[in-house]
Amino acid sequence: MTTTASFTVATTAGPRRVAVAYERTGSGEPVLLLHGIGHHLRAWDPVSRILTAEREVIAVDLPGFGASPALPDGVPYDLPTVGAVLGAFCAELGLDRPHVAGNSLGGLLALELARTGLVRSVTALSPAGFWNEPERRYAFGTLRAMRRAALAMPVPLIERLSRSAAGRAALTSTIYARPGRRSPQAVVAETLALREATGFHATMTAGRGAPFDLNVKGVPVTVAWGTGDRILLRRQGIRAKRALPEARLVRLPGCGHVPMNDDPALVSRVILDTSR
């Protein structure tokens, strides 16, 4: 069941109250799961069901996505600010340096949490931030096109498309290599999450800024990239390895940009191996 935590965060605009929606299941060492831009915590469902056999799983809706409200007016969606929000969230829940796994934007945030010493291991699935400028423009253009399409479609059309494998492919093949595996209900929910994401534009704006500080040391890091990623091309994984020489680089054969549904067993194994 989704719950909301409300807490105060120190921001560049001063102390602000922030709310974050999350689900907490399972038992064992905690692992925090962070989704990508325009998505929501349900993206992790196929993996969460496996991880809960060995871990306490905390899946969150990032601020301005899913059921989490937008950040307060004047609070930026930049990496240090959202990282501070997640750090305060962990403190509110009593999570002492959890393991963290993140996808895309969530992968970049996971690395930020490691950089600031807030987590004990990182699994970054196709993390953002390792692009060159043409690749960034391509990725952002693709994401904006997905958002425009989601906004343009009436909900009955989304529901009708979700009922067939071809329709699910039309809605989600940009992020999944195997869109037919996604359930109709999940496809409808994530399409609506994309169109209703109040933090979408502010997050995109923050992503156009200066290069990110990705200097992570002393924490086990795995960077995993789907061979079928159509948003952040897999050659960016080589750049990630160069930027993070102590990290392990793993291929996810047959997986797209959001690999948790394409091969949940493989993704779960990578997370568990890293957290061990």
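Where is Asn215 found? Asn215 sits in the loop between H8 and S7. The model is predicted: local features need pLDDT of at least 70, side-chain atom pairs count only at pLDDT 80 or more, and totals for chains, interfaces and linings use all residues. Residues are numbered from 1 along each chain as its sequence is written, and side-chain values use heavy atoms, with hydrogens and water left out.

**View 1. Asn215 in the loop between H8 and S7.** Helices (H or I, at least four residues) and strands (E, at least two) are DSSP runs, numbered from the N terminus. Asn215 is partly exposed, at a relative accessible area of 46%. Buried means under 20% relative accessible area, exposed over 50%, and partly exposed in between (1.4 Å probe, protein chains only). Leu232 lies 17 residues from Asn215 along the chain, and their C-alpha atoms are 20 Å apart.

**View 2. The largest pocket, with a volume of about 440 Å³.** Rolling a probe the size of a water molecule over the atoms shows where empty space is left. The search uses a 1 Å grid over the protein atoms alone; a pocket is an open set of points where a 1.4 Å probe fits, with protein on both sides within 12 Å along at least five of seven lines. Lining residues have an atom within 4 Å of a point. Grid points are joined across faces, edges and corners, and a volume is the space filled by probe spheres set on the points. The lining of the largest pocket has 31 residues, and Leu105, Leu108, Thr203, Gly207 and Phe212 lie nearest its centre. Helices H2 (79-93), H3 (105-115), H4 (133-152) and H8 (200-206) each give two or more residues to this lining. H3 gives the most, with 5 residues. By class, the lining of the largest pocket holds 23 nonpolar, 4 polar and 4 charged residues. Here Ala, Val, Leu, Ile, Met, Phe, Trp, Tyr, Cys and Pro count as nonpolar, Asp, Glu, Lys and Arg as charged, and the others, Gly among them, as polar.

**View 3. The second largest pocket, with about 360 Å³ of space.** It is lined by 24 residues, and Met146, Leu171, Thr172, Ile175 and Leu194 are the closest to its centre. H4, helix H6 (165-172) and helix H7 (184-195) each supply at least two lining residues. The largest share, 5 residues, comes from H4. The lining of the second largest pocket divides into 14 nonpolar, 9 polar and 1 charged.

**View 4. Helix H3, largely enclosed by the rest of the structure.** Of the 11 residues of H3, 10 are buried. Among them are Leu105, Leu108, Glu112 and Ala114. The buried residues of H3 pack against strand S3 (29-34), H2, strand S5 (99-103), strand S6 (121-125), H8 and strand S7 (221-226). Contact means heavy atoms within 4.5 Å. Just after H3, Gly117 takes a positive phi of about 75 degrees.

**View 5. Thr222 in strand S7.** Thr222 counts as buried, at 2% relative accessibility. Its side chain makes a polar contact of 3.1 Å with the side chain of Arg248. A polar contact is a pair of N or O atoms within 3.5 Å; within protein, one must be able to donate a hydrogen and the other to accept it, and residues adjacent in sequence count only if both atoms are side-chain atoms. Leaving aside neighbours within four places in sequence, Thr222 is in contact with Val122, Thr123, Ala124, Arg248, Val250, Val270 and Thr274.

**View 6. Glu56 in strand S4 (residues 55-60).** Glu56 counts as buried, at 16% relative accessibility. Not counting residues up to four places away in sequence, Glu56 touches Arg24, Thr25, Gly26, Ser27, Gly28, Glu29, Pro30 and Val31.

**View 7. Aromatic pairs, of which the structure holds 3.** Rings of Phe, Tyr and Trp (its six-membered ring) pair if their centres lie within 6.5 Å; planes under 30 degrees apart count as stacked, over 60 as edge-to-face and the rest as tilted. The rings of Tyr22 and Phe89 have centres 5.3 Å apart and planes at 70 degrees, so this pair is edge-to-face. Tyr22 in strand S2 (residues 14-26) and Phe89 in helix H2 are 67 residues apart, and the pair links distant parts of the chain. Tyr22 counts as buried at 12% relative accessibility, and Phe89 at 0%. Phe7, Tyr22 and Phe89 form one aromatic cluster. The rings of Trp131 and Phe140 have centres 5.5 Å apart and planes at 90 degrees, so this pair is edge-to-face. Both Trp131 and Phe140 are buried.
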